[in-house]
Amino acid sequence: VGAVIDFDGGGRYRGEMTDVDPESVAVGTRVAMTFRRLYSTDGIHNYFWKARPVTDGTIGEPEPVQPGAHRAEGAPAS
Amino acid sequence: MTSAGIRDRVAIVGMGCTRFGELWDQGTNDLLTDAAIECTTSAGVAIDAIDAFWLGTLGAGNSGITLSKPLKIGYKPVTRVENFCATGSEAFRNACYAVASGAYDTAMAIGVEKLKDTGYSGLTGIRLVGDGTDPGLSSPAAFSFLAPSYGHKYGVDRVQMKEVMSRIAFKNHQNGARNPRAQFQKEVSMETIAKAPLVAGDLGVFDCSGVSDGSAAAIICRVEDAHKYCDNPLYVKALAFVAGPAAGPIDPEYDYTTFEEVVRSAADAYAQAGITDPRAQLAMAEVHDCFTPTELVLMEDLGFAERGTAWKEVLAGTFDRDGELPVNPDGGLKSFGHPIGASGLRMLFECWLQLRGEAPPDRQIDTVGAGRTLGLTHNLGGAPGEGVSFVGIVGTELG
């Protein structure tokens with residue numbers, strides 16, 4: 001699932017989501033970053049950041065929601 | 001941005017375009033040869049009469065030899081250019097400048113792509129070596145972001161957005177169904193389009209352009225020479241090109257509902273051509289409908305509809321072949337197909353037919369008969385927030 005992730009306080013990353021039901025992703029979904037395997041080639045793994053929905057508040061404890069904060073823009077992509 | 005432009009200094013005096021599609025029996029050399037022969041025949045000249053060549057291709061070959069060898073051109077200048085999906089337009093733009101400069105009397109711009117037989121469905125081409133952190137979104141994935149972003153910004157719900165997207169595909173298939181050179185020549189129902197298997201996000205199979213083989217070509221000369229070759233040439237009014245800063249993927253200000261590169265290149269082109277109200281002044285537009293939400297956004301970026309209203313105009317039929325401003329009357333990338341390097345020239349080919357009244361009666365647009373003389377071609381490359389854009393305008397009258 002591809003998404004455009006805007007961070008609280010500024011900054012943007014366009015990348016993949018993980019641990020997510022594609023149907024549940026919408027503009028404004030709050031997410032947290034997690035370090036995951038991105039590619040594997042010939043047994044060599046490459047790790048980088050992915051985003052996953054914030055579900056229980058223990059990761060990425062949200063601030064009071066600001067307009068435009070932490071938006072996952074776009075929809076499930078692949 | 002300022003650009004003086006070369007309005008009314010060069011003219012198109014011949015064109016050719018192969019059928020687009022899954023052409024299993026034709027290779028790159030065959031496609032180039034067919035387009036070039038139709039083009040020179042159309043202008044009534046031999047290939048030897050062309051002074052210089054610009055070849056556009058993303059991946060069908062490197063260097064000018066890709067063209068000089070199959071066409072047996074001999075020892076002539078052949079330049080190979082690449083600028084993402086705007087490659088065909090880039091070949092045309094550079095050929096026009098070469099003639100306008102006086103360096104050559106005649107030039108051919110020709111584009112080609114052979115996407116089938118690569119063992120892969122979709123775009124092939126060069127993948128630059130990165131640091132392993134590139135999420136590597138596919139083109140459908142990158143463009144799929146447009147739909148929910150547009151809907152979110154303008155209050156169009158997901159069901160309505162799907163209807164708007166389907167309506168664009170429906171229209172382009174209707175147009176392609178009347179075009180014997182198109183890859184897909186069947187009308188497709190709204191229901192079939194809407195229920196097609198998903199490719200990325202809310203983009204279904206019918207929301208994506210055709211992956212195809214094909215080639216198209218144009219011969220350009222100075223305006224004062226045009227009638228040596230052709231009674232009714234197309235005059236080049238504007239050529240605008242923009243490569244953006246590609247900051248969208250890291251810039252929170254970018255909202256995935258517009259292509260700033262298109263807005264800028266359109267403004268430049270309209271200034272060059274002296275156009276103030278494109279919707280009323282253009283007879284037609286061929287735009288880069290790589291995916292249905294792309295065409296939706298382009299209607300606003302090109303100034304055909306106010307911000308936030310294009311979705312209503314699409315549903316109202318404004319851009320249908322018999323609408324107020326026909327958009328992609330040849331079927332567009334969606335139905336005519338998208339062999340990358342050929343697409344920009346294929347768009348010009350439709351202007352060549354329609355503006356000069358040579359399109360078959362069953363698909364000739366009414367705006368030309370009503371006195372409009374200008375056609376626009378728009379070619380986009382890259383992805384939302386990180387792209388290049390070409391806007392060209394041609395017309396049948398000087399001044």
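Modeller: Let us begin with burial: a residue is called buried under 20% relative accessible area, exposed over 50%, and partly exposed in between (1.4 Å probe, protein chains only). D8(B) is buried, because its relative accessible area is 17%. Please note that this is a predicted model, in which local features need pLDDT of at least 70 and side-chain atom pairs count only at pLDDT 80 or more, while totals for chains, interfaces and linings use all residues. Residues are numbered from 1 along each chain as its sequence is written, chains are lettered from A and ligands numbered from 1 in the order in which they are written, and side-chain values use heavy atoms, with hydrogens and water left out.

Colleague: With which residue does D8(B) form a salt bridge?

Modeller: Side chains of opposite charge can pair when their charged atoms come close. The rule for a salt bridge asks for a side-chain nitrogen of Lys or Arg within 4 Å of a carboxyl oxygen of Asp or Glu. The partner of D8(B) is K237(B), with the closest N and O atoms 2.7 Å apart. This pair links distant parts of the chain, 229 residues apart: K237(B) lies in strand β8 (residues 234-243) of chain B and D8(B) in the segment before β1 (10-17). Helices (H or I, at least four residues) and strands (E, at least two) are DSSP runs, numbered from the N terminus. K237(B) has a relative accessible area of 3% and is therefore buried.

Colleague: How many residues apart are R93(B) and E90(B) in helix α3 of chain B?

Modeller: They are 3 residues apart, about one turn of that helix, which covers residues 87-100. Elsewhere in chain B, a network of salt bridges links D105(B), R222(B), E224(B), D225(B) and K228(B). By this rule the count over all chains comes to 32 salt bridges.

Colleague: How many salt bridges does the rule find across the interface of chain B and chain A?

Modeller: The rule finds 2 there. E23(A) and R158(B) meet in a salt bridge of 3.6 Å, N to O. E23(A) counts as exposed because its relative accessibility is 51%, whereas R158(B), at 45%, counts as partly exposed.

Colleague: What does helix α6 of chain B, residues 158-176, show when its span is checked?

Modeller: The expected span of a helix is 1.5 Å times one less than its number of residues. The 19 residues of α6(B) should therefore span 27 Å, and the end C-alpha atoms are 27 Å apart, which agrees. At the start of α6(B), a side-chain oxygen of D157(B) comes to within 3.1 Å of the backbone nitrogen of V159(B).

Colleague: How is the extent of the interface described?

Modeller: The size of an interface is often given as the accessible area lost when the parts come together. Buried area here is the accessible area (1.4 Å probe) that two parts lose on being put together, summed over both. Between chain B and chain A about 2,000 Å² is buried, with carbon and sulfur atoms giving 55%. On the side of chain B, P135(B), F145(B) and P252(B) lose the most area to chain A, together 26% of what that side buries. Counting contacts (heavy atoms within 4.5 Å), 26 residues of chain B touch 22 residues of chain A.

How values were computed
Polar contact = N/O pair within 3.5 Å; in protein donor to acceptor, adjacent residues only side chain to side chain.
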